[in-house]
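This briefing covers a nonpolar surface patch, aromatic contacts and annotated spans. The structure comes next, followed by the points grouped by topic.

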Amino acid sequence: MNESLLHFFAQGDGVSRFIFLLLALLSVSSWAVILAKTALHLRLSRRAAQFLRRFWNAGDLAEIARDLREHGAIDPASHLVHHGLEVLERIDRAGENAAARPGALGERGEPQELLTRALRRAIDEARARDEAGMTLLGTTASSAPFIGLFGTVWGIYHALQAIAASGSASLDKVAGPIGEALVMTGFGLATAIPAAIAYNAFSRIQRRRTQELESFAYDVYTFLVTGIKRPTTRSEPAVVALGVDAPRPARKTAS
């Protein structure tokens, strides 16, 4: 098959060579995406499992913050918690009248609203990272067979022209050129099939990871809202990693 492809490439015209190079580029690119996303998925899954184990074994938010300071936010779960703790820092820094003070649009709102937006933003960022490369895989899976088929049709057309010019339609004259042209269809399928399988597999992984992250975000929201509403002492900072104290609830003033 490789010899046929090389012979087809050497004997073909500009269109045939362009189709051959396009399929080769799609194949190399899709395999690069497949290998990169597989390695990233395995690494993030391992780190997320480690962080979740430390998270559920932690005694309070201060311990979680120290863990983030030590290990960093390097997976979707820890990144989500980091976003939530940043909201606690901003609330504590702004003081008791944070919701009433004018400022940037991203800083306005009640503490719970700020926290919800931060967690949603973290989920969206994780989803966007998971979607990287999916467009290439989907395009390759859907278009490569037709590109290969077009190369076959174009090759057969030129093969028939050569046969007509030679004046001989015997089997030995027809089988070689047409067989070489048909190889392009096989090349297109060989390019599309791995991309289609990978696209479906990564789509399933993405859906499952998003569902797990949304479920975890609900738990994080509950813990952080409890930290916002519950008074804490200055000796027990909630955001040790950021060097600030845990936010305290706003005092109600008499009207």
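Phe146, Leu149 and Val153 make a nonpolar surface patch of about 320 Å². The model is predicted, so local features need pLDDT of at least 70 and side-chain atom pairs count only at pLDDT 80 or more, while totals for chains, interfaces and linings use all residues. Residues are numbered from 1 along each chain as its sequence is written, and side-chain values use heavy atoms, with hydrogens and water left out.

**Surface patch**

- Patches are made of residues with over 30% relative accessible area and no salt bridge, with like charges joined within 9 Å and nonpolar side chains (Val, Leu, Ile, Met, Phe, Trp, Tyr) within 5 Å.
- A salt bridge is a side-chain nitrogen of Lys or Arg within 4 Å of a carboxyl oxygen of Asp or Glu.
- Accessible areas come from the Shrake-Rupley method with a 1.4 Å probe, and for residues only the protein chains shown count as cover.
- Leu149 is found in helix 6 (residues 134–166); helices are DSSP runs of H or I with at least four residues, strands are runs of E with at least two, and both are numbered from the N terminus.
- The relative accessible area of Leu149 is 42%, so this residue is partly exposed (buried means under 20%, exposed over 50%, partly exposed in between; 1.4 Å probe, protein chains only).

**Aromatic contacts**

- The whole structure holds 8 aromatic pairs (ring centres of Phe, Tyr or Trp, the last by its six-membered ring, within 6.5 Å; planes under 30 degrees apart are stacked, over 60 edge-to-face, the rest tilted).
- The pair of Phe20 and Phe187 is tilted, because the ring centres are 5.6 Å apart and the planes stand at 45°.
- This pair links distant parts of the chain, with Phe20 in helix 2 (residues 14–57) and Phe187 in helix 7 (residues 171–229), 167 residues apart.
- Both Phe20 and Phe187 are buried.
- Phe55 and Phe216 form an edge-to-face pair, 5.0 Å centre to centre with 75° between the planes.
- Because Phe55 lies in helix 2 and Phe216 in helix 7, the pair ties together parts 161 residues apart in sequence.
- Phe55 counts as buried at 6% relative accessibility, and Phe216 counts as buried at 7%.
- One aromatic cluster is formed by Phe51, Phe55, Trp56, Phe216 and Phe223.

**Annotated spans**

- UniProt, in an unreviewed entry, lists residues 15–36, 136–157 and 177–202 under "transmembrane region"; its positions follow the numbering used here, feature names are shortened, and annotations may be inferred rather than shown by experiment.
- Residues 136–157 are 100% helix and 0% strand, with the end C-alpha atoms 30 Å apart.
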